[in-house]
Amino acid sequence: MLELAEVHVRYGHVEAVRGVDLQVRPGTVSLMLGPNGAGKSTMLNAVAGLVPLASGSITFEGERLSGLPPHRVVRRGVVLVPEGRRVFAPLTIEENLRLGGHTAPRAKVRETLAKVYEMFPILADRRSSSAGLLSGGEQQMLAFGRALMSEPKIVLLDEPSMGLAPAVVDTIIEKVSLMAESGIGILMVEQNTEAGLDIASEVKVMNRGGVVFAGPAGQVRTDASVLHAFLGDAALTES
Ligand code: ATP
C-alpha cells in the first residue's frame, strides 16, 4: 500500500500541498479531483520524488519513499505518467517503450514488452512508427505502456483524459481499469469527473492544497451534492 501522511509541499511562500493524507491499495483506483491550482499535480510529483516534501511522509509497503530520488522511486515500483503524456516524438513506439524498461534485464524487457503489446494491441501494430505521428489517445496509451515497462505496483496518472475526444476517453479509462485489474494500485488525478468515477473506489477532492472531501466513489455518485459543494456546477457535466 502507498501511504501519504500529513504531506506538505512548498514552492517558496506558496504552500501547494497542505497536510494531505491518503492511501492507495493494490488493484484499486483512487481518484483525486479538484479545481486548477488545487495542488493535485504537485502531490503526484511529490510521490514520484520530483519535488521535495516540506514535512510529512510517503511510504510504500511500509518503507519510506519520500527523500528518494525519482529513479529509485521507480525501482521501488511507483511510476508517474505525467500530464501531457511527454512521449519522445522522434523515437519509435518500441524505442519509447524500451526506455521505460531501461532498468530491467534484457530477457525481462522482452517479456514485459509482450505483455504491454497484449494490453495495447494498437501499439504492437505500429511499433516501428514515430511516436510523434500517433493521435492523442494513442500517445496516452504509449505513456501508459512506457510506465508499465518498469513493472510498477503503483501507477500515478496525471489527467490521462486531458484534451481527448469523449470516445477516446472511454478507451483510456477502460485501460486504466485493466491496469487496476492486473493488481496495480492507481492514483489518478482527473478533471473528467464522470469518467473517473466510473472506475474509482475511493475519491478525494483537493482545494487550495488540502483535502476537503474524502469518501467512497459510490457515495459521490449517489450524492451529487457532495461534488457540487466542492467543485461547483461543472462537477458532473464535464466530459
Ligand atoms: P492543474 O490542474 O491546473 O495542474 P493542480 O491541482 O495540479 O492544478 P498544481 O499544479 O499542483 O495544481 O499547483 C498548485 C499550486 O502550486 C498553484 O498555486 C501553482 O501556481 C503552484 N505551483 C505549481 N508548480 C509550481 C512551481 N514549479 N513553482 C511555483 N509554484 C508552483
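## Pockets: terms and basis

A pocket is an open set of points on a 1 Å grid over the protein atoms alone, with protein on both sides within 12 Å along at least five of seven lines; its lining residues have an atom within 4 Å of a point. A volume is the space filled by probe spheres set on the points, which are joined across faces, edges and corners.

The model is predicted: local features need pLDDT of at least 70, side-chain atom pairs count only at pLDDT 80 or more, and totals for chains, interfaces and linings use all residues. Residues are numbered from 1 along each chain as its sequence is written, and side-chain values use heavy atoms, with hydrogens and water left out.

## Largest pocket

The largest pocket holds about 590 Å³ of space. Its lining has 25 residues, with Val-74, Val-79, Leu-80, Pro-82 and Arg-146 nearest the centre. By type, 14 are nonpolar, seven polar and four charged (nonpolar: Ala, Val, Leu, Ile, Met, Phe, Trp, Tyr, Cys and Pro; charged: Asp, Glu, Lys and Arg; polar: the others, Gly among them).

## Second largest pocket

The second largest pocket has a volume of about 200 Å³. Its lining includes Thr-112, Lys-115, Met-119, Glu-151 and Ile-184, and divides into five nonpolar, two polar and three charged residues.

## Positive phi at Glu-151

Glu-151, one of the residues lining the second largest pocket, is not a glycine, yet has a positive phi of about 50 degrees. Glu-151 counts as partly exposed, at 34% relative accessibility (buried is under 20% relative accessible area, exposed over 50%, partly exposed in between, with a 1.4 Å probe and protein chains only).

Terms used. On a 1 Å grid over the protein atoms alone, a cavity is a set of points where a 1.4 Å probe fits but cannot get out, and a pocket is an open set with protein on both sides within 12 Å along at least five of seven lines; lining residues have an atom within 4 Å of a point.
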